[in-house]
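I open a new page for this model. My notes follow, one topic at a time.

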There are 2 protein chains.
Amino acid sequence: VEDSVRVGILGCGNVGSALVTILTRDADVIAGRTGLRLEVGPVAVRSTTRERPSAVDRRLLTHDAGAVVADPSVDVIVEVIGGIEPARTLILTALKAGKPVVTANKELIANVGQELFEAAASAGVDLLFEAAVGGGIPLIRLLRESLAGERIRRVTGIVNGTTNFILTRMTEEQATYSEALAEAQQLGYAERDPTADVEGYDAGAKAAILASIAFGARVVAGDVYREGISAITAPDIAFAARLGYVVKLLAVAEQLDDGDLAVRVHPAMVPVTHPLASVRDSFNAVFIEGESVGELMLYGRGAGGMPTASAVVGDLIDAAYNLRAGGVGRTLNPAPVRLRSIDDLTSAYYLDLEVIDRPGVLAQVAGALGRHAVSIRSMEQDGLPEGGGAARVVFITHAARERDVQACLTELRSLDVVARIGTLLRVLGS
Amino acid sequence: VEDSVRVGILGCGNVGSALVTILTRDADVIAGRTGLRLEVGPVAVRSTTRERPSAVDRRLLTHDAGAVVADPSVDVIVEVIGGIEPARTLILTALKAGKPVVTANKELIANVGQELFEAAASAGVDLLFEAAVGGGIPLIRLLRESLAGERIRRVTGIVNGTTNFILTRMTEEQATYSEALAEAQQLGYAERDPTADVEGYDAGAKAAILASIAFGARVVAGDVYREGISAITAPDIAFAARLGYVVKLLAVAEQLDDGDLAVRVHPAMVPVTHPLASVRDSFNAVFIEGESVGELMLYGRGAGGMPTASAVVGDLIDAAYNLRAGGVGRTLNPAPVRLRSIDDLTSAYYLDLEVIDRPGVLAQVAGALGRHAVSIRSMEQDGLPEGGGAARVVFITHAARERDVQACLTELRSLDVVARIGTLLRVLGS
């Protein structure tokens, strides 16, 4: 027995056209395995004349996205336009009309997810978004279903492929940040304006979604503390390597002992033996720590048309099953939560200082750290290549409070012997 | 609204008592998140007097496993006894009585899974077994649901923690095989009789289940080609490291171009940059290659009471949802498939030979390889520490057919100049 499900698609860029390709190429495989025939229905596009992959039947293209949603022959809607509007309005309309929606739209879920979840719940239809975080990595299902009974303590992800590519090049080829960024741009991994990636905005939106799913908490992109990687230098990377670390941009969502959540994005030094350390190039991974399950990691392609479309297909099959059963999958109803400010979080730190190279300097610097309850785990000193009486001192601290570390930096800045304060990086426990 | 689901548990060893602990400790968390109250019902044990964790209420213990299955107050059965009988009969009885079953029993699924799947399908109830492969790693759900529409090409797993621990110790501490095995036994990672682990039987059963799930194919443990790690030597590990590889015991299930399946377990050289190379100690991981999704890896605790029980809880929540909805999850109906013999598979190889150290020897050896269409990618020669005119020659070949390699070994054995044929290892492509 085979059920036909007609899929209306909003947007036909990278992901949209990969989706049409998969649904066309693998229709028989999917039907054989699931009993569901996923038919490509109308596809809403901005340009009906643009060149598209051969699988895309031009006769299905239309300018009218609203008509795709309203089309009575369309059973399920896939939204791969991106951005907030018109995606938000189209999805709300589809949900109200009782049509399940599958979306790959990270901005939308991270910013107005709550409104959409409520609309889906009150309409009693599915709103699925596996593709919105981690592209082809089936993270949402893992968190929502496999770990539905798990007390999750922390989720730590490498969720931005562009920055991971840049950091990998800096680590493995000793490239500078600018060289690595230029290479990423040349390969199409980074945009001409790379801000959203390198300053952590993309990772921040994903961190908000991860926190919502892992902890059932109402967290939006704007709640996430965020630092990017543009200040990381080749010497930072080299020091990290010498100390047994690699630098990664991490998205972290964790539940603290009192139930508060902390959600943040920042570069960090990761011990080389940690599973996240071996996530190279543009790959993504999410490392989950749970009370019972222990440590779990999912690794894969975080972006790209085909992997992302593959996640959309997984969601489509889910939505189609539920539609056939006349039911709905597990709905998400994130609850308000108290967020802990970064100032009150505790971490070990890497701190890079340029100091005047003369006796007594270290005692002054160490004194400032001590006055702010920042205790030193290890220290390395290097003459600077340009010489001139300056030296580079790198500290790794024991766990210290962010607020104290920041106060300490203010004092260090006021010292005559400190020529420059370089990079401050958090250090992940091993 | 909260639904109560009463869970009858067969077996209360490591996994069973961890399950009772989780269900007791996290009952409110699970109820809050899922609307399901999973109640611990009767627990069938061999000994009602043995010491057990405090969460296990002695009044729930019984010797009568049949009575647990028959108990009308029991909604769902968890089987964590292990072995074929009486687990098989108890599960069949439960399914026929319309009770969903969650099992962590690898032997059972790998040997008589087909009978159980059919019984579950004809009774219209769930038979879930996430915990049977990879302990806490939610691999089955990923393959069956997230990747339901994916054309999977190959699944490559490190699915035995004991052997991975041994190989990690050999790699990182330069331990010999016997030293590493002794340490694993001391830490409780290996049994006193380690055969099932070190000779690949455990991994073989898991490979059969992986193949069934990934390819919907009827594969049992006995179908799986199997080699263990007991012949791996410290010099093999050292050579691998020098050439940029680590040695891992791999379970591989792949679909060949003509649709045939190949399923096997053997040690292999894995490039250090491959994600599987960084899976250390007793951790497990499964690396999936799919047509659309690309590369995907799941990493976590493959064994242990709490991680395995965590997977059982995930399945229990599933079964309970389906029970409440009066339905059943996706059923598995593996189809017969043609299996390709190892003889007809192609791989690059690592071959270690001890030869007489005199001019012309290499030409003879290379000649034998050439006559069997085994072409050499790289070669290294070492004097042996014991000296005495013997040398060690290590070859890495280009891709060659197993049948040809075996014929070549037969010819090499007949050569006067070959003193000993050492380890033959497959080399994973990067």
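I began with A:Ile288. Setting aside neighbours within four places in sequence, I find A:Ile288 in contact (heavy atoms within 4.5 Å) with A:Leu139, A:Leu142, A:Leu143, A:Leu147, A:Ile152, A:Arg154, A:Val155, A:Gly294, A:Glu295 and A:Leu296.

This is a predicted model, where local features need pLDDT of at least 70, side-chain atom pairs count only at pLDDT 80 or more, and totals for chains, interfaces and linings use all residues. Residues are numbered from 1 along each chain as its sequence is written, chains are lettered from A and ligands numbered from 1 in the order written, and side-chain values use heavy atoms, without hydrogens and water.

Next I looked up the largest nonpolar core. A nonpolar core is a set of buried Ala, Val, Leu, Ile, Met, Phe, Trp, Tyr and Cys residues joined through side-chain atoms within 4.5 Å. Buried means under 20% relative accessible area, exposed over 50%, partly exposed in between (1.4 Å probe, protein chains only). The largest core has 172 residues, and A:Ile288 and B:Ile288 touch the most other members.

Then I turned to A:Val427. I place A:Val427 in strand 17 (residues 418–427) of chain A; strands are DSSP runs of E, at least two residues, numbered from the N terminus. A:Val427 is buried, at 8% relative accessible area. Beyond four places in sequence, A:Val427 touches residues including A:Tyr245, A:Met269 and A:Ile396. A:Ala399 lies 28 residues from A:Val427 in sequence, and their C-alpha atoms are 9.0 Å apart.

Last, chain B. I noted an open sheet of 6 strands there, in the order 3-2-1-4-5-6, with parallel pairing.

Conventions: Two strands pair if DSSP finds at least two bridges between them. Helices (H or I, at least four residues) and strands (E, at least two) are DSSP runs, numbered from the N terminus.
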